[in-house]
Amino acid sequence: MNRTPYQTDPTPEQWKLLEPMLPPAFLRGRKREVDLYEIFCAMLYVLRTSCAWRHLPHDFPKWQTVYYYFRQWRDLDWFKKMNAELVVQTREAAGRNANPSAALLDSQSVKTTRQGGIRGYDAGKKVNGRKRHILTDTNG
């Protein structure tokens, strides 16, 4: 890495956990020339800053390359698989069973405008907007 790190970059310890979970390179075609660490850092940057792909800073790989890997990993459900594996590792590190036996469910009403898309009315809270839900295990 020949750039100043961003706050969104994973630490070397975090990258050691994530790197083995990455999808392998395709057996056919050109050899991979980009550093997957830089690709992943760019994805985290877009996620945290909500910038457009085309507005990635110049010290990351080209936005087209980062977006290519993002689409590929999204279509392979890699992000879901990675999350599931990290949940199992975290639960086992805490001395718990890999599969949770209990969960917590919560909801929140959020105000939106007509431009925000689908919306409804929460009569209990008298709010026009959307209701979002979260389900988490007892570890949080």
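Me: Which residue with a positive phi follows helix 3?

Reply: Helix 3 is followed by D77, with a positive phi near 60°. Keep in mind that this is a predicted model.

Me: How many residues does helix 3 have, and how far does it reach?

Reply: Helix 3 runs over residues 63-75, which makes 13 residues. From first C-alpha to last it reaches 18 Å, close to the 18 Å expected at 1.5 Å a residue.

Me: Which residues of helix 3 are buried?

Reply: Here is the general idea: an α-helix has 3.6 residues a turn, so residues three or four places apart point the same way. In this structure, V66, Y69, Q72 and W73 are the buried residues of helix 3. They cover an arc of only 130° around the axis, so they lie on the same side of helix 3. Their packing partners are helix 2 (36-49) and helix 4 (78-93).

Me: What kind of aromatic pair do Y69 and W73 form?

Reply: A pair of aromatic rings is described by the distance of the centres and the angle of the planes. A search of the whole structure finds 15 aromatic pairs. One of them joins Y68 and Y69, edge-to-face at 5.3 Å centre to centre, with 85° between the planes. Y69 and W73 are also edge-to-face, at 5.9 Å and 65°. Those two residues are 4 apart in helix 3, so about one helical turn separates them.

Me: Is Y69 buried or exposed?

Reply: Y69 is buried, at 8% relative accessibility, and W73 is buried at 2%. Y68 is partly exposed, at 37%.

Methods. Residues numbered from 1 in each chain as written. Predicted model: local features only at pLDDT ≥ 70, side-chain atom pairs only at ≥ 80, totals over all residues. Heavy atoms only, no water. Expected span 1.5 Å × (residues − 1). Buried < 20%, exposed > 50% of the residue type's maximum accessible area, 1.4 Å probe, protein only. Arc of directions from axis to C-beta. Contact = heavy atoms within 4.5 Å. Phe/Tyr/Trp six-rings, centres within 6.5 Å; stacked < 30°, edge-to-face > 60°.
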